[in-house]
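Colleague: I would like to go through the terms used for this model and hear what each one rests on. Please take the structure one feature at a time.

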Amino acid sequence: MDKPAEMFDRDYEWSALSRFIADPQPGATLGVVSGRRRQGKTFLLDAACRAAGGFYFGATEAAEAESLRRISAALTAHVRPASPFHFADWAEAVDALLALGAERPVPVVIDEFPYLAKANPELPSIIQEALRPLRDQRTGSRTRLLLCGSALSFMGRLLSGNAPLRGRAGLELVVRPLDHRLAAEFWGITDPHLAMKVNAIVGGTPAYRREFARGDTPKGPDDFDDWVVRTVLNPETPLFREARYLLAEEPDLRDTALYLSVLAAVADGNATRGGMAGYLERKATDIAHPINVLEDAGLLYRDADAFRENRPTYRIAEPLIGFYHAIMRPVWDQLERPGSAPRVWQASRRRFVSNVLGPHFEQVCRDWALHHADPELLGGLPARVGHGVVHDPKSHTGHEVDVAVIGIADNSKPPLLAIGEAKWNDTMGAAHIERLRHIRDLVTLAGRYDTTGTRLICFSGAGFNEKAHAAAAADPDIRLIDPATLYGQV
């Protein structure tokens with residue numbers, strides 16, 4: 001299948017779909033496609049159906065009878081049979097979809113599948129029965145049935161545990177946001193500092209540029225503040241209320257106020273369960289459930305501490321939600337009044353740097369180390385990259401490590417390939433390097449990791465002074481990484 005010219009990237013996803021759809025083996029097969037909203041799943045699947053002559057059906061939140069009428073009408077328009085379809089139940093409808101693949105492999109997409117399953121919870125079991133291995137309707141079909149959904153909590157359960165469809169799917173595809181490099185290319189931003197600032201607000205969600213910002217991108221570094229005012233903080237644009245809608249669209253989030261408060265606590269720097277509980281003035285056990293639900297929904301991400309067992313921290317997975325809670329929600333009444341955005345943004349820029357841009361920069365540094373950094377620069381291939389706190393037994397203090405690169409264990413202690421400190425707004429110097437050296441010594445004493453080859457990495461958005469450059473020139477174990485390097489420009 002030829003990928004549409006207007007589709008940006010998604011080469012991996014398109015190739016995976018192409019292989020699944022064109023698979024010549026006999027028998028109908030099932031695929032599951034998921035991902036957060038606004039990532040382009042519908043565009044991707046609709047384009048695949050058009051390219052391969054398949055059938056696409058987009059479900060809506062409706063009663064079962066209405067959904068059956070809609071898919072009957074849609075399939076009638078697609079097949080143009082002698083008499084129109086009138087499906088009495090989903091078993092009949094699924095068999096009609098399997099019949100589409102009687103002569104050749106055909107993609108059949110049911111988008112927003114969670115809406116249908118909400119109206120009829122037995123639908124996954126009905127599909128399981130339809131795809132029973134020796135059933136004639138399956139063996140005689142080459143339909144490539146693709147179930148798609150944005151409700152991550154539901155889609156995650158669809159193929160897990162004792163779920164009816166577990167073991168039935170031949171494709172499990174997650175459509176993820178664009179990473180920081182692809183996002184910069186998609187937004188047409190070449191300045192790495194500007195790209196980082198924009199990415200800290202809108203992340204890598206494609207729809208936020210095309211539909212939500214109407215193609216409005218900052219013209220340059222000097223236009224960033226004006227761009228924030230005229231797009232993100234402008235009550236006339238869809239981006240203004242998007243963070244609220246993302247939360248409201250999740251079916252498992254019923255007590256919205258509590259979930260909003262949990263996200264607000266994290267956005268305010270309370271990254272642990274205890275910190276969140278203190279912020280909300282509740283017991284830690286009281287917020288365990290909302291934390292788990294937010295994790296399942298893909299809105300909250302749990303990071304394990306690289307140096308301490310059972311001390312996870314949490315971060316907001318969607319940058320726009322983090323920006324909303326840190327900048328917009330505290331002054332929402334002011335922002336809703338037209339013309340207030342410039343004044344609000346002027347007063348919020350410092351908070352943006354400390355609560356939004358700084359933490360986002362740290363996460364981008366971790367992502368770069370895991371996915372983009374040359375293994376030779378790190379001294380090996382990373383198995384995982386995280387962050388954590390290293391305890392100093394002499395001073396009874398903890399030292400935060402922004403980037404911890406752990407290598408692959410080879411029947412021994414896992415190697416700590418590198419530790420790093422990330423500062424967006426600080427010019428880094430010899431003191432930062434000495435701090436990392438001290439932390440490396442503490443990790444060595446703790447004995448959990450092999451630190452014989454641990455490298456020290458300084459990440460800075462503001463640059464490095466002469467002493468830092470001199471130290472890096474004299475010691476190959478010291479690396480200085482700037483935004484241009486993070487964006488692959490050097």
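Modeller: What follows sets the computed values of this predicted model against the definitions behind the terms.

Colleague: Why are helix 10 and helix 17 called roughly perpendicular?

Modeller: Their axes cross at roughly 85°. Angles of 65 to 115 degrees count as roughly perpendicular, and helix 10 and helix 17 are therefore given that term. The axes of helix 10 (residues 192-202) and helix 17 come within 5 Å.

Colleague: Which residues make that contact, and how do they divide by class?

Modeller: Helix 10 contributes Asn199, Ala200, Ile201 and Val202, and helix 17 contributes Pro319, Leu320 and Phe323. By class there are six nonpolar residues, one polar and no charged.

Colleague: What makes helix 14 roughly perpendicular to helix 17?

Modeller: Helix 14 (residues 256-267) packs on helix 17 (residues 319-328) at an angle of about 85°, with the axes 9 Å apart. The range for the term is 65 to 115 degrees, so helix 14 is roughly perpendicular to helix 17. Leu260, Leu263, Ala264 and Ala267 of helix 14 meet Ile321, Gly322, His325 and Ala326 of helix 17. Six of the residues in this contact are nonpolar, two are polar and none is charged.

Colleague: What is the extent of the largest nonpolar core, and which residues have the most contacts inside it?

Modeller: That core has 83 residues, and the most contacts inside it belong to Ile201, Phe323, Met328, Phe352, Phe459 and Leu486. Helix 19 (residues 341-371) supplies the largest share, 11 residues. Leaving aside residues up to four places away in sequence, Ile201 touches Phe224, Trp227, Val228, Val232, Pro319, Leu320, Phe323 and Phe352. Another core, of 34 residues, lies apart from it and includes Ala93, Ala96, Leu147 and Phe154.

Colleague: What makes strand 2 and strand 5 edge strands?

Modeller: The sheet is open, with five strands in the order 2-3-4-1-5 and parallel pairing. Strand 2 (55-58) and strand 5 (169-174) each have a single partner strand, so one side of each has no neighbour in the sheet. From one strand to the next the twist averages 15°.

Colleague: How do you know that strand 3 and strand 4 pair?

Modeller: Pairing requires at least two bridges, and strand 3 (residues 106-111) and strand 4 (residues 143-149) are joined in the parallel sense by five. In one of these, Val106 has Thr143 of strand 4 as its bridge partner.

Colleague: Which strands stand at the edges of the sheet with mixed pairing?

Modeller: That open sheet has five strands in the order 8-9-10-11-12. Strand 8 and strand 12 (478-481) are its edges, each pairing on one side only. The twist averages 30° from one strand to the next. Helix 19 packs on this sheet and touches strand 8, strand 9, strand 10, strand 11 (455-460) and strand 12. The direction of helix 19 makes about 135° with that of strand 8.

Colleague: Why is His396 called exposed, whereas Asp9 is called partly exposed?

Modeller: Exposed means over 50% relative accessible area; His396 has 65%, so the term applies. Asp9 lies in the segment before helix 1 (11-22), and His396 in the loop between strand 8 (382-392) and strand 9 (397-407).

Notes
Residues are numbered from 1 along each chain as its sequence is written. This is a predicted model: local features need pLDDT of at least 70, side-chain atom pairs count only at pLDDT 80 or more; totals for chains, interfaces and linings use all residues. Side-chain values use heavy atoms; hydrogens and water are left out. Helices (H or I, at least four residues) and strands (E, at least two) are DSSP runs, numbered from the N terminus. Axes are lines fitted to C-alpha atoms, for helices over the stretch in contact, and angles run from 0 to 180 degrees between N-to-C directions. Buried means under 20% relative accessible area, exposed over 50%, partly exposed in between (1.4 Å probe, protein chains only). A nonpolar core is a set of buried Ala, Val, Leu, Ile, Met, Phe, Trp, Tyr and Cys residues joined through side-chain atoms within 4.5 Å. Contact means heavy atoms within 4.5 Å. Angles under 35 degrees count as roughly parallel, over 145 as roughly antiparallel, 65 to 115 as roughly perpendicular and the rest as oblique. Ala, Val, Leu, Ile, Met, Phe, Trp, Tyr, Cys and Pro count as nonpolar, Asp, Glu, Lys and Arg as charged, and the others, Gly among them, as polar.
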